[in-house]
Amino acid sequence: MDYISSLFTIHSSIQTVVIVSLIIAFGLALGKIKVKGISLGIAWVFFIGILAGEMKLSIDHNILDYIETFGLSMFVYCLGLHVGPNFFGSLKSEGLALNIWSLVVIIVGTLFSLLLIPITGVSLPNMVGLLCGATTNTPALGAATQALAHLGIPNSSVALATAVTYPLGVVGVIVAMVIIRKLFVKPADLEVKPLSDDDHTYIAQFDVINPAIVGKTIAEIAHMTNRKFIISRLWRGKEVILPKADTVLHVNDSVLVVTNKDEEEPMLLLFGKKEARNYNQNNVDWNAIDANVESRVCVVTRPGLNGKRLRDIHMRAAYGVNVSRVVRGDVKLLASDDLRLQYGDRVTVVGKHEDLDNAEHFFGNSVKTLEEPNIGSIFLGIFLGLALGTIPISIPGMASSIRLGIAGGPIIMGIIVGALGPKSHMISYTTRSASLMLRKLGLALYLACLGLDSGKDFMATIMRPEGIAWVGIGFLITVIPVLIIGIIALHTHKYDFGTICGILCGSMANPMALGYANDTCKGDTASISYATVYPLGMFIRVVIAQMLIMIFV
């Protein structure tokens, strides 16, 4: 019995692994239980951690801090790495709008907190602490306490206010999303709406009847218009031709065109007539279209191709094949000449059988190679992200510098590596399953330790005279802005529910709520919108916390 007891009571590396593992195991098991279709998912890990802390279970503080830091940094870095390849594309098209919605959530929450000061009688420093806890933003708390110290004002109750509201701040966003989903979401809102159509290809067959392009080469036609398109096949009577840049179009030629989705009308004007057949279904048998030309998907597993532009590998001249589409993750990209290939891309190649064999060998096409995650680059990225998070950022007029911290630094570094790594020929590819596992493992470790640390003082804190009031106020600060902005955004019918959840989670700096959104929403839109708004949202919250202290105290 003493041996069993020591597994839970005597601080050691084994005791740490036992307690953290049990918290995560029980939490994830409860997360699978649904009541009337509702489950809190990975949030249960946090609750089980609080329960374990309340039961006086503990681990060495330094080890707890290490696991919490490691888990959070791994989660946010892998999240940034996952959304990075398509991050800047979404930022150009919808990123500004997403960040505006996030900013509105932040402003509404801040104004609501200030409104509660005369109603509740809570002092402004304590209300700032409640706001930091309700939005689960410890960097903002650090900025607020530094500002108070600069003014010579005691700040012990500010940290306590954050501690008592933090648990329900974590859960409140999930509660708000559950309410929105049950009362306001329609089935159409659950269907994934891509943030940008520019990254989704459109395929159609056109007949050449426009006199302006008859007798011109494909290269000449491409120079005539600023539209981007690929002609992957050409039918001239019964003859099938694999088109090249110097191929001359004749009247009544029929061409298979790959372009962006919003280019249908310009392509119709360019060529003259569109055939009725739908080539954008998932069940199209491309090899049954004609006998002489095949279509094959090759996976880029040759490291030397990572970051290469399609124009630089000369597939038409060297192998006699056309590259029509590139699939990166779940996004279909038009194979334009300036597109940079990335390790793990799935490239659709059109040509004759023997030419496709040579092209396949050129790309590598070794699926087994992709099954091995590049762990070394992940840990290097985490290191760079943590280093980025420690850099002080000075803002004119503010007494102290702010930092991106252990959450902001790694997620920004993950986005940078995921988006720009191929340009420097850095292989950042991680299999989808490996990325999902690393993200879930990191988040589970973080929540287990966060709950265990919060649980030891949870009941004692809320039993203080003002404790229960603080909990209630913090819960309102969490839920009210999320409900209001979430419902308004939903009624614009511009975004799917997953995207809205990502905006809300990112604006509230709440990775656990993002875990719930990912478990209950289709696709990756929640993660993409979260990563789009999180960096700026966290930065603004840190600035606001310090400004409230410096201006109003």
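## Exercises on a predicted model

Ala489 is located in helix α18 (residues 467-491), where helices (H or I, at least four residues) and strands (E, at least two) are DSSP runs numbered from the N terminus. The model is predicted, and local features need pLDDT of at least 70, side-chain atom pairs count only at pLDDT 80 or more, while totals for chains, interfaces and linings use all residues. Residues are numbered from 1 along each chain as its sequence is written, and side-chain values use heavy atoms, with hydrogens and water left out.

**Exercise 1.** Classify Ala489 as buried or exposed, and list its contacts beyond four places in sequence.

*Solution.* Step 1: apply the classes, in which buried means under 20% relative accessible area, exposed over 50%, and partly exposed in between (1.4 Å probe, protein chains only). Step 2: Ala489 has 3% relative accessibility, and therefore counts as buried. Step 3: with contact defined as heavy atoms within 4.5 Å, Ala489 touches Trp101 and Ile500 once residues up to four places away in sequence are set aside. Step 4: for Thr499, the C-alpha to C-alpha distance from Ala489 is 9.9 Å, at a separation of 10 residues in sequence.

**Exercise 2.** Describe the largest nonpolar core and the surroundings of Met512.

*Solution.* Step 1: a nonpolar core is a set of buried Ala, Val, Leu, Ile, Met, Phe, Trp, Tyr and Cys residues joined through side-chain atoms within 4.5 Å. Step 2: the largest such core has 70 residues, and those touching the most other members are Val20, Ile23, Ile174, Met177, Ile411, Leu447 and Met512. Step 3: leaving out residues up to four places away in sequence, Met512 touches Ile42, Ala43, Phe46, Val170, Val171, Ile174, Leu443 and Leu447. Step 4: another core, of 28 residues, lies apart from the largest one and includes Leu148, Val158, Val471 and Ile477. In soluble globular proteins, nonpolar side chains tend to be buried together.

**Exercise 3.** Identify the backbone feature of Asn252 and of His314, and place each residue.

*Solution.* Step 1: most residues other than glycine have a negative phi. Step 2: Asn252 has a positive phi, near 70°, and lies in the loop between β3 (239-241) and β4. Step 3: Asn252 is exposed because its relative accessible area is 57%. Step 4: His314 likewise has a positive phi, near 50°, and is found in the loop between α10 (310-313) and α11 (315-319).

**Exercise 4.** Summarise the protein chain as a whole.

*Solution.* Step 1: the chain has 21 helices and nine strands. Step 2: of its 553 residues, 52% are buried. Step 3: among contacts between residues at least 6 apart in sequence, 80% join residues at least 24 apart.
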